[in-house]
Amino acid sequence: MAHEGAVAGLEEQDRESCSGDAGVDCEESNSKDCILEPLSLPESPGGTTTLHGSASVPCIFCEEHFPGHFPVAEQDKLLKHMIIGHKLVIADVKLVVDFQKYILYWKKRFTEQPITDFCSVIRINSTAPLEEQDNYFLLCDVLPEDRILREELQKQRLDH
Ligand SMILES: [Zn+2]
């Protein structure tokens, strides 16, 4: 009866309250794993690039590329670029086994769906007047798709 629609509406609200408060309501989103489709990881990112060659890693949002060997210093440059230029913060990025594939995966996904489908919004400076407040997007493994992606990358690394 009419009650079914009401239930679906509630789930929507649940998710909204979760994304508004980064990291606190994380447990709730775990139960939504079942709605995910299987992930398809890019097999050979960028076509000619390889993990061990001089591949470069693109910014998720623009055409800027960063050197690919990715010592941590270079990785930080890309991360800083994305924080300053695009207001995206990636949580626990040091734990990502394959940074290049991780970035390429999200670059593709962000062209398919709006960033707000994936990221929590963090408000910086929340005690300041509204016009001085700043919203950042947080990509972290609270999002089931992100967690599965990180686990997949780990598995692939172990297989090789
Ligand atoms: Zn960029």
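Predicted model: local features only at pLDDT ≥ 70, side-chain atom pairs only at ≥ 80, totals over all residues.
What share of the 160 residues in the protein is buried? Buried residues make up 19% of them.

Let me begin with the overall arrangement. The secondary structure comprises five helices and five strands. Along the sequence, these elements follow the pattern α-α-β-β-α-β-α-β-β-α. As for the contacts in the protein with a separation of 6 or more, 53% of them are between residues 24 or more positions apart.

I turn now to the sheet. Three strands form an open sheet in the order S3-S5-S4, and the pairing is mixed. Strand S3, residues 88–90, and strand S4, residues 120–124, are the edge strands, each pairing on one side only. From one strand to the next, the twist averages 35 degrees.

Which strands run antiparallel? They are S4 and strand S5, the latter covering residues 134–139, and five bridges join the two. Within the sheet, Ile-122 stands opposite Tyr-136 in S5. The pairing of S3 with S5, by contrast, is parallel and extends over three bridges. Here Ile-90 is the residue that stands opposite Leu-139 in S5.

In soluble globular proteins, nonpolar side chains tend to be buried together. In this model, the largest nonpolar core has 17 residues. Those with the most contacts inside this core are Ile-60, Leu-88, Phe-99, Tyr-102, Ile-103, Trp-106 and Leu-139. Two or more residues each come from helix H3 (72–86), S3, helix H4 (99–112), S5 and helix H5 (144–159).

Which element gives the most to this core? That element is H4, with five residues.

Trp-106 deserves a separate word. Once its neighbours within four places in sequence are left aside, Trp-106 is in contact with Ile-60 and Leu-139. Both of these partners, like Trp-106 itself, are among the residues with the most contacts inside the core.

To draw the two topics together: S5 pairs with S4 in the antiparallel sense and with S3 in the parallel sense.

Technical notes:
Residues numbered from 1 in each chain as written. Pairing = 2+ DSSP bridges. Helix = DSSP H or I, 4+ residues; strand = E, 2+ residues; numbered from the N terminus. Axes fitted to C-alpha atoms, helices over the stretch in contact; angles between N-to-C directions. Buried ≥ 20, exposed ≤ 12 C-beta atoms within 10 Å, placed from the backbone. Contact = placed C-beta atoms within 7 Å. Core = buried A, V, L, I, M, F, W, Y, C linked by C-beta atoms within 7 Å.
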